[in-house]
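Work through the exercises below with the sequence and the model open. Each task is followed by a solution in steps.

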Amino acid sequence: MDELRESLSGQAGLLCELLTAAMEPKLETTGVSLGTFELLSAVHASGGRATQIEVAQRLGITPPSLSESVKGAAARNLIEQHIDSDDGRRKILKLTSTGRKAMQSIVKGVNNAETRMVDGIDSSQIAIVIDVLKKVNRNLARIVQEESQPKRPGKSTSRAKKQANETD
């Protein structure tokens with residue numbers, strides 16, 4: 001018996017790889033890379049009020065790294081930047097109509113893959129798996145948050161907090 005294959009981490013990793021592979025055809029037809037899709041998803045999830053710094057934190061990358069991705073997505077008319085009316089030093093990211101259409105197309109493909117991947121599995125079993133995965137994600141987000149705590153008291157990692165809250 002392969003210990004990793006039989007572990008939760010091994011199965012989660014395999015699921016991630018297979019989901020990514022299932023998304024690739026839809027990404028290709030929309031002309032969006034996986035990295036750009038992740039950027040669009042983070043902007044979409046923010047409800048159109050996320051700053052570049054918040055999106056970078058959500059994606060686990062540095063703001064300068066995000067800037068290059070933002071420039072590329074903006075050049076392709078997928079997202080737009082606006083100066084924050086509350087603080088002129090910050091930039092707010094929003095999806096354009098082209099970006100929303102790309103997201104809708106990709107999400108439709110993901111939903112199709114999800115429908116097919118649970119074929120033959122009872123809905124009550126699916127509900128149990130989703131509930132268990134939410135709990136696992138909350139625990140893992142808490143671990144990430146605890147291990148990434150700065151040495152100074154009072155500071156915390158907003159990415160791990162957001163991820164823990166999103167699993168509910």
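**Exercise 1.** Where is the place of T96? Then determine whether T96 is buried or exposed, and list what its side chain and its neighbours are.

Solution. The model is predicted.

Step 1. Locate the residue. T96 sits in the loop between β3 (91-95) and α5 (97-117).

Step 2. Classify its accessibility. The relative accessible area of T96 is 6%. The cut-off for buried is under 20%, so T96 is buried.

Step 3. The T96 side chain reaches the backbone nitrogen of G99 at 3.0 Å.

Step 4. List the contacts. Leaving out residues up to four places away in sequence, T96 touches N77, L78, I79 and E80.

**Exercise 2.** How many salt bridges does a search of the whole structure find? Examine the pair E68 and K71.

Solution. 

Step 1. Take the total. The search finds 4 salt bridges.

Step 2. Check the distance for this pair. The side chains of E68 and K71 meet at 3.7 Å, N to O. A salt bridge requires these atoms within 4 Å, so the pair qualifies.

Step 3. E68 and K71 lie in helix α4 (residues 63-75), 3 residues apart, which is about one turn of the helix.

**Exercise 3.** Examine D131 and K135: what is the distance between their closest N and O atoms, and how many residues apart are they in helix α6?

Solution. 

Step 1. Read the distance. D131 and K135 form a salt bridge in which the closest N and O atoms are 3.2 Å apart.

Step 2. Use the helix. Both belong to helix α6 (residues 123-147); because they are 4 residues apart, about one helical turn separates them.

Step 3. Assign accessibility. D131 has a relative accessible area of 36% and is partly exposed. K135, at 41%, also counts as partly exposed.

**Exercise 4.** Which residues are linked with D87 in a network of salt bridges? Compare the accessibility of D87 and R90.

Solution. 

Step 1. Name the members. The network links D87, R89 and R90.

Step 2. Take one of its bridges. Between R90 and D87, the closest N and O atoms are 3.9 Å apart, which is inside the 4 Å limit.

Step 3. Classify each partner. R90 has 33% relative accessibility and counts as partly exposed. D87 has 17%; buried means under 20%, so D87 counts as buried.

Key: Residues are numbered from 1 along each chain as its sequence is written. This is a predicted model: local features need pLDDT of at least 70, side-chain atom pairs count only at pLDDT 80 or more; totals for chains, interfaces and linings use all residues. Side-chain values use heavy atoms; hydrogens and water are left out. Helices (H or I, at least four residues) and strands (E, at least two) are DSSP runs, numbered from the N terminus. Buried means under 20% relative accessible area, exposed over 50%, partly exposed in between (1.4 Å probe, protein chains only). A polar contact is a pair of N or O atoms within 3.5 Å; within protein, one must be able to donate a hydrogen and the other to accept it, and residues adjacent in sequence count only if both atoms are side-chain atoms. Contact means heavy atoms within 4.5 Å.
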